[in-house]
Amino acid sequence: MKRFRDRSLAGKLRAIIMVTSAAALVLACAAFLIYDTISFRQATAQRLNVLTDMMSTQSSFAVGIGDEENMKGILGSLSFDRSVKWAALYDLNGDLRAPYSREPESASSIPASPQADGLRLIHGTVTVFSPVVEKKKRVCTIHLYSDLPDVGLRLRTNLVIVGLVLAAA
């Protein structure tokens with residue numbers, strides 16, 4: 001193999017163009033992966049926020065009359081969304097009134113009392129605490145938690161796509 005210094009000018013230019021193009025393609029693919037991962041997490045967080053609002057609307061009456069079975073049933077409707085690992089309703093005193101857990105072993109992870117209202121993206125998880133309001137008065141707090149189960153699958157799929165693009169180039 002010839003050293004770079006011993007190559008012809010056309011060979012040197014071709015090598016420089018190939019290395020520059022490959023580097024640009026690798027950077028573009030990395031930017032795509034980073035952007036997609038961040039936007040997917042944000043979209044999931046936004047979806048959980050919407051779910052929290054829907055659950056708040058549905059559960060305000062049940063909380064108002066203290067119907068814990070109805071509260072659990074409302075939270076149980078979250079079973080259609082596999083990204084929700086657990087959910088809970090807390091009364092005004094901060095006591096856990098209605099827990100929901102997709103897997104029985106994760107039920108012990110549900111916090112005994114609510115945290116401050118808001119949405120948090122921490123270490124690959126999304127946590128939402130939101131007030132449930134009835135007639136402009138807070139009646140309880142709803143909590144949803146997701147461990148973003150689809151992020152890994154989405155990342156693997158995107159890595160395959162990036163690999164195919166790089167191989168085709």
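1. Let's start with D117, which counts as partly exposed because its relative accessibility is 38% (buried means under 20% relative accessible area, exposed over 50%, partly exposed in between, with a 1.4 Å probe and protein chains only). The side chain of D117 meets that of R138 in a salt bridge, 2.8 Å from N to O (a side-chain nitrogen of Lys or Arg within 4 Å of a carboxyl oxygen of Asp or Glu). This pair links distant parts of the chain, 21 residues apart: R138 is in strand β5, and D117 is in the loop between β2 (96-101) and β3 (118-122). Helices (H or I, at least four residues) and strands (E, at least two) are DSSP runs, numbered from the N terminus. R138 is also partly exposed, at 32% relative accessibility.

2. A word on what you are looking at: this is a predicted model, in which local features need pLDDT of at least 70 and side-chain atom pairs count only at pLDDT 80 or more, while totals for chains, interfaces and linings use all residues. Residues are numbered from 1 along each chain as its sequence is written, and side-chain values use heavy atoms, with hydrogens and water left out.

3. How many salt bridges does a search of the whole structure find? There are three. Another of them joins D36 to R154, with the closest N and O atoms 2.8 Å apart. Here the partners are 118 residues apart, D36 in helix α1 (residues 9-65) and R154 in helix α3 (residues 150-168). D36 counts as buried, at 11% relative accessibility, whereas R154 is partly exposed at 36%.

4. D147 and K85 also form a salt bridge, and their closest N and O atoms are 3.7 Å apart. D147 lies in the loop between β5 (137-146) and α3, and K85 in strand β1 (residues 84-90), so the pair ties together parts that are 62 residues apart in sequence. Both are partly exposed: D147 has a relative accessible area of 30%, and K85 one of 22%.

5. The largest nonpolar core has 24 residues, of which L48, L75, L78, V84, L89 and L144 touch the most other members (a core is a set of buried Ala, Val, Leu, Ile, Met, Phe, Trp, Tyr and Cys residues joined through side-chain atoms within 4.5 Å). At least two residues come from each of α1, α2, β1, β2, β4 (125-134) and β5, and α1 gives the largest share, six residues. Leaving aside neighbours within four places in sequence, L48 is in contact (heavy atoms within 4.5 Å) with V84, V126, V128, L144 and S146. A second, separate core of six residues includes Y90, I110, F129 and Y145.

6. Helix α2 (residues 68-76) is worth a look down its axis. M71, I74 and L75 are buried in this helix. The buried residues of α2 fall within an arc of 95 degrees, so they line one face of the helix; the arc is that of the directions from the helix axis to the C-beta atoms.

7. One more pair to check on screen: L159 lies in helix α3 and is partly exposed, at 44% relative accessibility. The C-alpha atoms of L159 and C29 are separated by 9.0 Å, although these residues are 130 apart along the chain.
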